[in-house]
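Open the model in a viewer and keep the selection panel at hand.

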Amino acid sequence: MGAADGRLDRIFIRNLRLRCIVGINPEEREVRQDVIVNVTMHADLRPAGASDRIEDTVNYKTVKDCIVETVEGSQDLLIERLAERIAAICLSDPRVQRAEVTLDKPGALRYADSVAVEIVRGRTDVAGGI
């Protein structure tokens, strides 16, 4: 698998558990809620595999740190908006060609474990920035 055959490799950040203000109801605007972030970044990882150098890959710790800062500082009304902002962070690294973001909001609906949105964005989808 690699860029030569049209497919890209993937880096996953799984089950990043954070707390933030997100929601439209008055009580959601006052108390931080749990959210769970899952990210898949599509990139050509062959250069890093050949060189064994961090400079040749997507630094997932840097991406994670930016996601944590953005989510924990969130005042967004919708999880859709927060997911867009997370996708933009992933795509800020020029090696990332596509980002898939799933954002879960546990306990958002009675009788359901979670409500989630999943978005897929590529380089051209965030041209205007978030």
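Is tyrosine 111 buried or exposed? Select Tyr111 with its surface shown: tyrosine 111 is exposed, because its relative accessible area is 77%, and the cut-off for exposed is over 50%. The model is a predicted one, so the values on this tour are computed from its atoms.

Stay on tyrosine 111 and look at the backbone. Its phi is positive, about 80 degrees, although the residue is not a glycine. To place it, colour strand S3 (98-106) and strand S4 (114-122); tyrosine 111 sits in the loop between them.

Next, select aspartate 52. Here too the residue is not a glycine, and phi is positive at about 65 degrees. Aspartate 52 lies in the loop that runs between helix H1 (46-51) and helix H2 (60-72). Its relative accessible area is 74%, so aspartate 52 counts as exposed.

Now select the whole chain and switch to a cartoon. There are three helices and four strands, and from the N terminus on they follow the order β-β-α-α-α-β-β. The C-alpha trace spans about 50 × 30 × 25 Å along its principal axes. Of contacts between residues at least 6 apart in sequence, 61% join residues at least 24 apart.

The accessible surface comes to about 7,700 Å², and carbon and sulfur atoms account for 49% of it. Colouring by charge brings up 19 positive and 22 negative charges, whose mean positions are 1 Å apart.

Then hide the surface and go inside. Of the 130 residues of the chain, 42% count as buried. The largest nonpolar core has 31 residues. Select Val37, Val39, Met41, Ile67, Val71, Ile86 and Leu103, which are the residues with the most contacts inside this core. To see where the core comes from, colour strand S1 (9-20), strand S2 (33-43), H2, helix H3 (79-91), S3 and S4; each supplies at least two of its residues. H3 gives the most, with eight residues.

Which residues is isoleucine 86 in contact with, leaving aside its neighbours within four places in sequence? Centre the view on isoleucine 86 and show side chains around it: the contacts are Val37, Val39, Ile67, Val71, Val101 and Leu103. This is the last stop.

Definitions and conventions. Residues numbered from 1 in each chain as written. Predicted model: local features only at pLDDT ≥ 70, side-chain atom pairs only at ≥ 80, totals over all residues. Heavy atoms only, no water. Buried < 20%, exposed > 50% of the residue type's maximum accessible area, 1.4 Å probe, protein only. Contact = heavy atoms within 4.5 Å. Areas by Shrake-Rupley, 256 points an atom, 1.4 Å probe, with all protein chains shown as cover. Lys, Arg positive; Asp, Glu negative; His and termini not counted. Charge placed at Lys NZ, Arg CZ, Asp CG, Glu CD. Core = buried A, V, L, I, M, F, W, Y, C linked by side-chain atoms within 4.5 Å.
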